[in-house]
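Thanks for asking me to look this one over.

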Amino acid sequence: MNSSIEVNVPHVIHNIQSVRKLSGDALFMAIVKSNAYGLGMVEFSLYVQSSVDRFGVNSVDEAIQLLQYGITKPVHILAPYFDERVREGMIPTIDRISDLYLYDSLCEKKGYHGLFHLKVNTGMNRFGLEVEQIDEFMKALQECSHITMEGVFSHFGSTYGKHKRFTQKQWEKFMFCKEIIEMNYSQPLIFHIANSAACIDFPESRLDMVRIGNAMYGFQSSKAQIGLLPTFTVKASVKSVRFVSKGDYVGYGCTFKAKRNMWVAVISFGGYDGFGLSRKRKSFLLEAYHHFFPKPKLFIQNQAIKPLGNIGMTYILADVSPLNVKPGNEVIVKVDSILSLKETVKRNYVGNY
Ligand SMILES: *Cc1c(COP(=O)(O)O)cnc(C)c1O
């Protein structure tokens, strides 16, 4: 066995259902951008397809992959960038008038009626049409006969739990946009703004659709606990075990010298796979603390084991002296984030489904 991320599909489905219980009739968009937060976009999407209404990705490239591998639910491209490869089944985001005309002409050329969602800027200042441009946008839209605006959305720049006032401001701005758009538009629209944290902590924001990433993957980003389950375990294995005498060095850099006789295991996981990388920046004090009191990251038979010497690209050496460890034994690797885990780590989907 080489290293793998074992994805627990029933736990993922449980998390989806827990969110759905809250959001009621609102559509559920599964956010699978960034390789499904590291779990493997295509396979993950195929497993959850029947439990969700739509998918959200960042780019046309990701959308192409999903459609190519059999995703039939609508795929939203959340960033406001698309090109001539856009096709039926994809719902691009548009936040400027020039793209409206571009999309209209692409759909005319390709011979299908395209849907899109308008993104409005409510305070994050990354993407989105400004409120003042809405009138002009709606006028331009009337000239486009090959596309329909199916929805309008925005994105929270922080969580309700952390920056309540900022979130509230964004929310009010979005409600204002909703009002002026509905005055100009007779067809029903899907309005959406809630990510995981907003959906759980800020019920009003659920509207017609929720866009869920973190909660589906079992990451707690909200204040309220809704019984989310962990969805993955990172596993590696012991390749070999060696006896090392007191006074010998172990591994790269002569940074570890054995103070006693010991058993050292070679574990098939390393820096290249993503070991030791962290997604969150920690404070200097916390970094220093963890330098002297490292958090255990490797476990065999439920016992924490210590890496020795510098971490190699593909292997970790670890002290397994007190345990009875054999080649082939399973090692559980605790990682800060699976986002940093490379393709070298196989994704395995398990459970009864
Ligand atoms: C990533 C993303 C989400 C999902 O956010 P979570 O906090 O992971 O639920 C929702 N909407 C947009 C536009 C995103 O980019």
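How many helices and strands does the protein chain have?

1. Please keep in mind that this is a predicted model. The count for the protein chain is ten helices together with 16 strands.

2. On overall dimensions, a box of roughly 80 × 45 × 35 Å along the principal axes holds the C-alpha atoms of the protein chain. The chain has 353 residues, and 48% of them are buried. Its accessible surface is about 17800 Å², with carbon and sulfur atoms contributing 52% of that.

3. A word on contacts along the sequence: take those in the protein chain between residues at least 6 apart, and 66% of them join residues at least 24 apart.

4. Next, a helix pair. Two packed helices are described by the angle between their axes and the distance between the axes. Here, helix α1 (residues 9–23) and helix α3 (residues 41–48) have axes that come within 10 Å and cross at roughly 65°. The crossing of α1 past α3 is right-handed. On the α1 side, Val9, Val12, Ile13 and Ile16 make the contact, while α3 supplies Phe44, Tyr47 and Val48.

5. Is Phe292 buried or exposed? Phe292 is exposed, because its relative accessible area is 64%, and exposed means over 50%. Together with Leu286, Tyr289 and Phe293, Phe292 forms a nonpolar surface patch with about 480 Å² of accessible area in total.

Definitions and conventions
Residues are numbered from 1 along each chain as its sequence is written. This is a predicted model: local features need pLDDT of at least 70, side-chain atom pairs count only at pLDDT 80 or more; totals for chains, interfaces and linings use all residues. Side-chain values use heavy atoms; hydrogens and water are left out. Patches are made of residues with over 30% relative accessible area and no salt bridge: like charges are joined within 9 Å, nonpolar side chains (Val, Leu, Ile, Met, Phe, Trp, Tyr) within 5 Å. Accessible areas come from the Shrake-Rupley method with a 1.4 Å probe; for residues, only the protein chains shown count as cover. A salt bridge is a side-chain nitrogen of Lys or Arg within 4 Å of a carboxyl oxygen of Asp or Glu. Buried means under 20% relative accessible area, exposed over 50%, partly exposed in between (1.4 Å probe, protein chains only). Axes are lines fitted to C-alpha atoms, for helices over the stretch in contact, and angles run from 0 to 180 degrees between N-to-C directions. Helices (H or I, at least four residues) and strands (E, at least two) are DSSP runs, numbered from the N terminus. A crossing is left-handed if the near helix is turned anticlockwise from the far one by less than a right angle, and right-handed if clockwise. Contact means heavy atoms within 4.5 Å.
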